[in-house]
Amino acid sequence: MEKKVLFVAYQSPVGSVWPNEVFRTAFGMYGEDIEPAVLFLDEACVTVSKNTKPELLGLFPLTTCHRLIKRYGTPVYVVKEDLERYNVKEMEEIFNPQILSRVELSDFLHQFDLVIFM
Amino acid sequence: MALILVKYGPSHPVAKLKLETAKEEDRVLLIQNGVYWALEDPSKYTKARVYATKGDFVARGYGEEESKVPLLDYPEVVDLIVENEKFIG
Amino acid sequence: MKITIQVMVPPYSYEDLDTAIKIAEAALDKGHEVTIFLFSDSVLAVNKLVKPVKADRNIPEKLSQLIKEKGLRVEICGICMDYRGVNTDMIIEGSNPSGLPELAELIYTSDRFINLMA
């Protein structure tokens, strides 16, 4: 039976490794009968901004994630209130994020067999 | 019914979110600095039933009687893990 | 029951390895099959060269004891080891360098999966 697993990052994609690690781990699930998804909360929502570029500081870029998400089509979710709070206006199309509101989170989290915060 | 693990205290946004989004049938286990939540009546911050690890609570300078939630030893923590198939943490 | 516990933060700086060890030992004592999966900075927990001061606990030694005496399995993210300069000569006997395919397998086949990151 397929397992539904949600990987959640809440820390910034610039200054922490976690949004990148969330993607890397989610992509690693496809060898098994696992349906991974990714949720960005709080500062991690900046990951889906078109203008976020860790490489400007010499940090590991998000471009590897862009390439792999194109291949796998892993669902990406972000929270509307977080996007507003962190002023994310233009989103990177490759992520094609689905936007949830904060009040939907309880039912959303309970749809998964496992929710792994990183 | 999910087991929700909370490792951080009331000042942490993710701990707060996990407790707020918990459902009545869920079980919350407070571990490490998550035990600071145990100083308050759980009905103030979550709908779920809440437990805390006894060792973590006592090691932070509190008497067992100060906890507003049941305190568990590790064998009881394992029982809680076994009882709950889904996991959020 | 097959139980996997994932750890991500470094030993000694935080309590996660200690929590993982306590849960693992209690579960092993109850007859469960337990694996600890070390991801990111937590891979430092299998470095047998660590030298804690006398008053402190020796985490690699405790893991090693649980592997030998109670059948604990310890899997280590190989890329995470490379990133931190931990090689196979440095790790405790019985721990296994692996990777995301093994993590995916553990997530899929475990009856219970516990993540200690957040």
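How much area is buried between chain C and chain A? I get about 1600 Å², with 68% of it from carbon and sulfur atoms; buried area here is the accessible area (1.4 Å probe) that two parts lose on being put together, summed over both.

A note on ground rules: this is a predicted model, where local features need pLDDT of at least 70 and side-chain atom pairs count only at pLDDT 80 or more, while totals for chains, interfaces and linings use all residues. Residues are numbered from 1 along each chain as its sequence is written, chains are lettered from A and ligands numbered from 1 in the order in which they are written, and side-chain values use heavy atoms, with hydrogens and water left out.

Entry: C against A. L100(C), I107(C) and Y108(C) supply 37% of the area that chain C buries against chain A, more than any other three residues.

Entry: strands of chain B. I turned to β2(B), residues 27-30; strands are DSSP runs of E, at least two residues, numbered from the N terminus. R27(B) and L29(B) point one way, V28(B) and L30(B) the other, and all are buried, meaning under 20% relative accessible area (1.4 Å probe, protein chains only). Four bridges join β2(B) to β3(B), residues 49-53, and the two run parallel. R27(B) has R49(B) as its bridge partner in β3(B).

Conventions:
Buried < 20%, exposed > 50% of the residue type's maximum accessible area, 1.4 Å probe, protein only. Pairing = 2+ DSSP bridges.
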